[in-house]
Amino acid sequence: MTSRKGFDAVPPALRNTAAVAACILVIVAAVGVLIYLALKIASLVMAVISALLLTALVAPVARRVRRLRAPAWVAALTGLLTVLVAVGGSIALVTNQVAAQWEQMRRSLTQGVQRAQARIVSELPINERQLDEVIDGLLNALRRGSPDPVASASMATRVGAAVLIALFLLFFMLKDGRSMWEWVLRLVPEQRREKVDVAGLAGWRALGQYVRGIVLVALVDAVGIGLALVLIGVPFALPLALLTFVAAFVPIIGAVLAGSAAVLIAFVGGGLTDALLVLAAVLAVQQAESNLLQPLIMGRTLHLHPVVVVVAVAAGTLAAGIAGAVVAVPLVAVVYRIARVLAEDDTAPETGPGSTRNPAPDTAGP
């Protein structure tokens, strides 16, 4: 009785605040446990996420093949081969160009280092022997900080296994994606099944729009900067263009890193004038992307404030490095779209595959 009176003596506002705080702590703890478990199986998680991203990207290819009345496995195999040809062809082209221009780049780098050493010796109070000692010390520090061969081999094994798992999942998501989603829906209470189906469709559409949009933006960036590098005569133009394409998948940070690499290679290969020309070209392409392409192609897809994008990229980078930075923004976009649909009034739900308003098509994904 005394404890009951003591509880009643607590102001209602304080009791409500305590209840909300307790709920928040439980949610934060649950999210923390999920993140901890995901980091423990990071390779598998990244394989699943990569498979989802690739499925969203090449699902239109598989859909077109299915429209030709081909079996589901043929459509899925076509999508898988599309990914393999695109990645394998890019790697082959880059390897050939690097091999062809490596000797030229090595000579340019050697000459650049010699010019820099001569200028340092002539303008600073240091002689050649002291400069050589400083350079040797830096090289020794780099060698000591280089990764352990055993750790590198282990990392390569994990990456290779994750790639194989991602390709395996990609094939079956393209082939049986809709049946997988229907199995998930059967786990949902029947009265909420249609709403969850609509939310899943909205999230899947957001993922597909994001992936195809970012690929188009990355392609335009790579073509624009690659063409500028070819016209200026910068070595390794094709590898730098591919680097620009890949870096575009990391919002904000990727463009800065790819542009810096292009300017550095131009400076080493052709001097200050080429570096300034490349810098101007990179800035022009990036301004066109941020002011024209991103709003036109991605604006209707994300509906996310730039602050949310920056925070998501930073959180993904801290949690899982570069891979986390790549998947952070699409993950936030999908969760945001699903949450919006689930929060809407049930009286006017969006039409989705598998619902009574729209029969399920034979496509991959929800």
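Student: At what angle do the axes of α7 and α8 cross?
Tutor: This is a predicted model. In it, the axes of α7 and α8 come within 8 Å. They cross at roughly 155°.

Student: How are α7 and α8 oriented to each other, roughly parallel or roughly antiparallel?
Tutor: Start from the crossing angle, roughly 155°. Angles over 145 degrees count as roughly antiparallel. Therefore α7 and α8 are roughly antiparallel.

Student: Is the crossing of α7 and α8 left-handed or right-handed?
Tutor: Look at the contact first. On α7, residues including Val215, Leu219, Ile225 and Val230 take part. On α8, Leu240 and Phe245 are among them. The crossing of these helices, α7 and α8, is right-handed.

Student: Is phenylalanine 236 buried or exposed?
Tutor: The relative accessible area of phenylalanine 236 is 10%. Buried means under 20%. So phenylalanine 236 is buried.

Student: Is arginine 69 buried or exposed?
Tutor: Arginine 69 lies in the loop between α3 (42-67) and α4 (72-123). Its phi is near 65°, a positive value in a residue other than glycine. The relative accessible area of arginine 69 is 80%, and exposed means over 50%. So arginine 69 is exposed.

Key: Residues are numbered from 1 along each chain as its sequence is written. This is a predicted model: local features need pLDDT of at least 70, side-chain atom pairs count only at pLDDT 80 or more; totals for chains, interfaces and linings use all residues. Side-chain values use heavy atoms; hydrogens and water are left out. Helices (H or I, at least four residues) and strands (E, at least two) are DSSP runs, numbered from the N terminus. Buried means under 20% relative accessible area, exposed over 50%, partly exposed in between (1.4 Å probe, protein chains only). Axes are lines fitted to C-alpha atoms, for helices over the stretch in contact, and angles run from 0 to 180 degrees between N-to-C directions. Angles under 35 degrees count as roughly parallel, over 145 as roughly antiparallel, 65 to 115 as roughly perpendicular and the rest as oblique. A crossing is left-handed if the near helix is turned anticlockwise from the far one by less than a right angle, and right-handed if clockwise. Contact means heavy atoms within 4.5 Å.
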